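I opened this notebook to record what I looked up in one chain. The entries cover confidence, strand pairing and helix packing.

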Amino acid sequence: PCPDSIPRRFIPVGPTSNRRCPQLEILDINGAVFFGSVNAVARRLGFIYKADPLLNHVLIVADSIGVIDVSGAEMLAEESATLKDRGGSIIFKRSST
């Protein structure tokens, strides 16, 4: 919803707009989430949290994730717990093919 309208309502946003949802960040991960990429994904999520402390939810577009190993699963579980403590969640979305 538009935070500037009372009552709050949804408004269309153009593709070049810098407006975004204040409660949801969309993160597209391309490639495996494994021991070699865990730090990069965790740093990206940390940057997202630091940039917007009020952020509650992260939607991970998982279309290009082929493999998640134990290290990746543990990191995602820790990040999920972090967001849960903030009243939010991590949501995975994968389109059906």
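The entries below go from the model itself to the sheet and then to the helices.

**Basis.** I am working from a predicted model, in which local features need pLDDT of at least 70 and side-chain atom pairs count only at pLDDT 80 or more, while totals for chains, interfaces and linings use all residues. Residues are numbered from 1 along each chain as its sequence is written, and side-chain values use heavy atoms, with hydrogens and water left out.

**Confidence.** I looked up pLDDT, the predictor's confidence in each residue, from 0 to 100. The protein chain has a mean of 85, and 82% of its residues reach 70 or more. I found the lowest confidence in strand 1 (residues 24-30), at a mean of 89, and the highest in helix 2, at 94. I take helices (H or I, at least four residues) and strands (E, at least two) as DSSP runs, numbered from the N terminus.

**Sheet.** I count two strands as paired if DSSP finds at least two bridges between them. Three strands form an open sheet in the order 1-2-3, with parallel pairing. Strand 1 and strand 3 are the edge strands, each pairing on one side only. The twist from one strand to the next averages 25°.

**Strand 1 with strand 2.** These strands run parallel and are joined by six bridges. D28 stands opposite V61 in strand 2. Between the two strands the chain passes through helix 1, and this β-α-β crossover is right-handed; that is, with the strands pointing away from the viewer, the path from the first strand over the helix to the second runs clockwise.

**Strand 2 with strand 3.** Strand 2 (residues 57-64) pairs with strand 3 (residues 89-93) in the parallel sense over five bridges. The bridge partner of V61 in strand 3 is K93. The chain crosses through helix 2 (residues 70-85), again as a right-handed β-α-β crossover. I also noted V58 opposite I90 in strand 3.

**Helix packing.** How do helix 1 and helix 2 cross? The axes of helix 1 (residues 38-51) and helix 2 come within 10 Å and cross at roughly 15°. Axes are lines fitted to C-alpha atoms, for helices over the stretch in contact, and angles run from 0 to 180 degrees between N-to-C directions. I therefore record helix 1 as roughly parallel to helix 2 (angles under 35 degrees count as such). The contact (heavy atoms within 4.5 Å) includes V38, L45 and Y49 of helix 1 and G72, M75 and L83 of helix 2.

Technical notes: Parallel < 35°, antiparallel > 145°, perpendicular 65-115°, else oblique.
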